[in-house]
Amino acid sequence: METLIVETLKYDLDVTPLREVNQFLHGDASGLNGKAIVIDNPNGAHNIAVGLKAELDVTIKGHAGYYAAGMNQIAKVTIEGSAGSGVAENMMSGHVHVKGFASNAAGATANGGLLVIDGDAGLRCAIALKGADVVVGGSVGSFSAFMAQAGNFVILGDAGEGLGDSIYEAKIFVRGKVKSLGADCEEKTTSAEDRKILANLLVRSGHADVNPDSFQQYGSARTLYHFHVDNAGAY
Amino acid sequence: MCGIVGLLVKNQKMRDSIGELMLPMLIGMTERGPDSAGLAMFGAPVAADSRKFSLYSGVADFNWTKLGHDFEKHLSIKAKIEPKANHAVLTTTLSPATVKIWLKEHYPALHLLSVGQLMDIYKDVGTPAQVADRYDFKNFKGTHLVGHTRMATESAVTPAHAHPFTAGEDWCLVHNGSLSNANSLRRKLQKEGIEFETDNDTEAACRFLQWRMREGDDLETALNHGFEELDGFYTLLMGTSNQLALVRDPFGCKPAIIAEHDDYVAIASEFRSLAHLPDIKNAKVFEPSPKEMYVWKL
């Protein structure tokens, strides 16, 4: 999504309270569409640019705290530093780009849109993913994609322990090593269709030079979908 | 919740302003811990044959001068007493065992917060800004420090329950998180002859490490035993005479962020507490991995 920028506004969080900035960003969409917003001195503040629902292009010039760009719709949010826990949590659509690293639970429960993290992501990245695309340039921590239901999760580096535990229908592509797979997560053969999805995501996340064939795909073995009498002893 | 901060100043010129550098770090963690705060400061060492004893009195107008006189009279020895509100630092050449017995006999209501050649501990209830102001944290000088802001979840809000805790001379620990097996750990350690001062879960972790080190473990081995024994969430930050050490639990439940710069190493629960540090833009900022030990030496 490319937003046609008609006006650029600057906010400095050392001067303007974050609540005021967020309230402005929550204004009537017709008055906000096409605006570019630059936020200086974020200094790790929580909840920057959460709940956006207009065609905005927001740039956060530094490190963001918890839940940055959470619940995003339509807007494009770029964080030039790192992001705290829960970046783009429950995103519905739009584009969130973290140029540094992201802490735990990045992209948790995200329904739609694209989350791109250039650095590493912490634990539980893309946990309970519900349809968004998440591309991590570095490695992800343990328990990532736990119970991920739908969407695509691309990891250019390594994955920690228990990747994709109890996964549903989300697709995981890992270029590096996986420390261990979670319950019911298994290696998959990449179909021509899935290769296309992966190639497209690599281009859209600034990794056009990376060969889609260098990834291993993972997904659900679907053995936990229904009660099985052989597992009765485990309950 | 709780907030932790740590600062180790490598640039000699900046060591006189360590208190000033630290103050916004501690205040930045107010939302994470508004009910009490504490600081362990590693400053200039006392004479090689001496030790300092950080004391705390629950009474605001405690007569520290009288304590100093009593100490010198009863034990026929010179001592120095430096009061700061309801805290005081007593410096003497007598052994910790002798001092402890004397305190217990003559001033049983006093708390002995720490013993060492470098470290002073201040901790009290109140917001971080109030506590810092009460003890003039801003003007502290030294090489490194460990601080804490507390939001109590499992035991009472009292100065004794505030962090840091100590487990040996010039050794302290602060904790963000909660332990679910603190009571069973305490019972186990009490059988080993380890004494407890509070029912705080962090104290159980601290005494566990104290016990392991008493049994001959170095810090790293003690912490590896800790990964096996401590059940719960924790980011632990420890200070010793010449280093800071940090670990996060294997699930990474509690946060930490590190800034390594040529002039300093700064640690906090969140970046909010590091943003003001000089030239932070050129520091290497990163999140420590769970179940790994990070150590910075002076």
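In what order do the 11 strands of the open sheet in chain A run? The answer is β1-β2-β3-β4-β5-β6-β7-β8-β9-β11-β10, with mixed pairing. This is a predicted model, where local features need pLDDT of at least 70, side-chain atom pairs count only at pLDDT 80 or more, and totals for chains, interfaces and linings use all residues. Residues are numbered from 1 along each chain as its sequence is written, while chains are lettered from A and ligands numbered from 1 in the order in which they are written.

**Chain A overall**
- Chain A has three helices and 11 strands; helices (H or I, at least four residues) and strands (E, at least two) are DSSP runs, numbered from the N terminus.
- Going from the N terminus, its elements read β-α-α-β-β-β-β-β-β-β-β-β-α-β.
- With a radius of gyration of 18 Å, close to the 18 Å from the globule rule for 235 residues, chain A is as compact as a globular protein of that length. The radius is taken over C-alpha atoms, and the rule is 2.2 Å times the number of residues to the power 0.38.

**The sheet in chain A**
- At the edges sit β1 (7–12) and β10 (185–188) of chain A, each pairing on one side only; two strands pair if DSSP finds at least two bridges between them.
- On average, neighbouring strands of this sheet are turned by 15° against each other, direction ignored.
- Strands β7 (130–136) and β8 (150–155) of chain A run parallel and share five bridges. Val134(A) has Phe153(A) as its bridge partner in β8(A).
- Helix α3 (192–204) of chain A packs on the sheet, touching β6, β7, β8, β9 and β11 of chain A, and its direction makes about 60° with that of β8(A).

**Helix pairs in chain B**
- The axes of α5(B) (182–191) and α6(B) (201–214) come within 9 Å and cross at roughly 40°. Axes are lines fitted to C-alpha atoms, for helices over the stretch in contact, with angles from 0 to 180 degrees between N-to-C directions.
- Ala182(B), Leu185(B), Arg186(B) and Leu189(B) of α5(B) meet Asp201(B), Ala204(B), Arg207(B), Phe208(B) and Trp211(B) of α6(B); contact means C-beta atoms, placed from the backbone, within 7 Å.
- The axes of α6(B) and α7(B) (219–229) also come within 9 Å, crossing at roughly 130°.

Technical notes:
Contact = placed C-beta atoms within 7 Å.
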